[in-house]
Amino acid sequence: MELPVVALMAAAFLAISSGIEAASRPGGELYIRPSPRKTLWLPWRPRHSSYPQQVHISLAGENHIRISWITHDDSSPSVVDYGTAPGEYTSSSSIGETTSYFYLLYDSGKIHHVVIGPLEPDTVYYYRCGGQGREFHLKTPPAKFPITFAVAGDLGQTGWTATTLDHIGQCEYDIHLLPGDLAYADYMQHLWDSFGELVEPYASSRPWMVTEGNHEKESILLFKAGFQAYNARWRMPYEQSGSPSNLFYSFEVAGVHIIMLGSYTDYDVYSDQHAWLKADLAKVDRAKTPWLLVLLHAPWYNSNYAHQGEGDRMMAAMEPLLYAAGVDLVLAGHVHAYERSERVYNAGLNSCGAVHITIGDGGNREGLAQRFHQPKPEWSVFREASFGHGELKIVNETHAHWSWHRNDDDEAVKSDEVWINSLVSSACFAKRMPELRNILMTP
Ligand SMILES: [Fe+2]
């Protein structure tokens, strides 16, 4: 259907005058971007205080999974029963830890983190938390290629969040990667609980590997240091990678080494994070993990007006290390829009640099970042302010397929896709990388 000419002219004038980039659907129809949706309010359901709530899982070292949940009964046991058939729990684990926190007048309840394993790869397990309640199931990631990651940052908990999660749930994926900004609780701790309930159907069945965004900080001057709720609730496997902090870590799965950086903890050349990153990159064995990925929150390559330049200092401190190591792909959030770059380094095109993708468009209550700088920088391939999610299927040592799926009228529509070749298979890695790796080895 064609829109009236006057409406098209008005839309074009608005787009030009405000810097908003016009988008079109297949067939040339003008795409009217959706407005923000309100925060979801989940109905209160009376439950026994020992009933497991907000169940989510994460990778916890080779062939191990961490099961996390919350109860409001301190005597509730931290045990997970599990097996490969429904209702038949042939194994049990109580290995792990519990924690809790107070935040002003809020009491978190008992937060359980139990590690199960060793588990078989690419296998469905059925499990129950605390010896009672519902049975959940999970699928472990494969041990080798292919492997598929779902990616969505800046989720929040609105109607658009629910749509994004629904679309992710409809695709076949092994792990959810989240580059920061989870609940948008912003000091209101009960919103961490409602977010945990909202994501439970997805996060209890596939590992969610997250890094922190600015909305996780929740610091109060002279009173709260920050990341208290995030660190207590979203426990990631930092010890296994030699990191001193839950705010930055790495893990390996099926031939992929993935580094989760922290945009809101120190990253300068004298920082713990910088020293850890350098050591972690130096240890990467590309024969074992041909693909090298990085996630962080504030993007380094961003042509949107929103959060312009916020990643510059981190980029100046850390991009030379990523370039020296031959990082294939950097996934960021923070900007509520989608943007994909060419391979870049030092603010320009570089065939031996990383592809940068901003995917902070999960659906939070703040809405979309609609204004892009004009003209489009030469490094920017595709950019659009719409809610959606990404899927990264790493097919083998040399080829990966990336696609971005726009939430169009509550349907997932594939709007951008590209095949990416690994740097390991490129001439730059063979010729230049040994020399560049010396940068990583020098103290
Ligand atoms: Fe953010």
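Student: Where do I start? How many helices and strands does the protein chain have?

Tutor: Start with the overall count. The protein chain has 8 helices and 24 strands. Remember that the model is predicted.

Student: What radius of gyration would a compact globule with 443 residues have, and what does the protein chain have?

Tutor: A compact globule with 443 residues would come near 22 Å, and the protein chain has 22 Å, so the two agree. Along its principal axes, the C-alpha trace spans about 65 × 55 × 50 Å.

Student: Which residues does the record's domain annotation cover?

Tutor: The unreviewed UniProt entry places "domain: Purple acid phosphatase N-terminal" on residues 52-137. Over residues 52-137 the chain is 51% strand and 0% helix. The end C-alpha atoms of that stretch are 14 Å apart.

Student: How should I read a sheet?

Tutor: Strands of a sheet pair through backbone hydrogen bonds, either parallel or antiparallel. Now take the case here. An open sheet of 4 strands runs in the order E4-E3-E9-E10, and its pairing is antiparallel.

Student: Which strands are the edge strands?

Tutor: They are E4 (91-93) and E10 (136-139), and each pairs on one side only. From one strand to the next, the twist averages 30°.

Student: How many bridges join E3 and E9?

Tutor: Strand E3 (residues 80-83) pairs with strand E9 (residues 124-129) over 4 bridges, in the antiparallel sense. Look at Asp-81: its bridge partner in E9 is Arg-128.

Student: Now the helices. At what angle do H2 and H3 pack?

Tutor: Read the angle together with the axis distance. Helix H2 (residues 159-170) and helix H3 (residues 190-203) pack at about 10°, with axes 10 Å apart. Angles under 35 degrees count as roughly parallel. H2 and H3 are therefore roughly parallel to each other.

Student: Which residues of H2 and H3 meet?

Tutor: From H2 come Thr-161, Leu-165, Ile-168 and Gly-169; they meet Leu-198, Val-199 and Tyr-202 of H3. By class, this contact of H2 with H3 holds 5 nonpolar residues, 2 polar and no charged.

Student: How do the axes of H5 and H6 cross?

Tutor: Helix H5 (residues 272-283) and helix H6 (residues 312-325) cross at roughly 5°, and their axes come within 10 Å. H5 and H6 are therefore roughly parallel to each other.

Student: Which residues make that contact?

Tutor: H5 gives His-274, Leu-277, Lys-278 and Leu-281. H6 gives Ala-317, Met-318, Leu-321 and Ala-325. The contact of H5 with H6 has 6 nonpolar, 1 polar and 1 charged residues.

Note on methods
Residues are numbered from 1 along each chain as its sequence is written. This is a predicted model: local features need pLDDT of at least 70, side-chain atom pairs count only at pLDDT 80 or more; totals for chains, interfaces and linings use all residues. Axes are lines fitted to C-alpha atoms, for helices over the stretch in contact, and angles run from 0 to 180 degrees between N-to-C directions. Helices (H or I, at least four residues) and strands (E, at least two) are DSSP runs, numbered from the N terminus. Angles under 35 degrees count as roughly parallel, over 145 as roughly antiparallel, 65 to 115 as roughly perpendicular and the rest as oblique. Two residues are in contact if their C-beta atoms, placed from the backbone, lie within 7 Å. Ala, Val, Leu, Ile, Met, Phe, Trp, Tyr, Cys and Pro count as nonpolar, Asp, Glu, Lys and Arg as charged, and the others, Gly among them, as polar. Two strands pair if DSSP finds at least two bridges between them. UniProt positions are given in the numbering used here, feature names are shortened, and annotations may be inferred rather than shown by experiment. The radius of gyration is taken over C-alpha atoms; the globule rule is 2.2 Å times the number of residues to the power 0.38.
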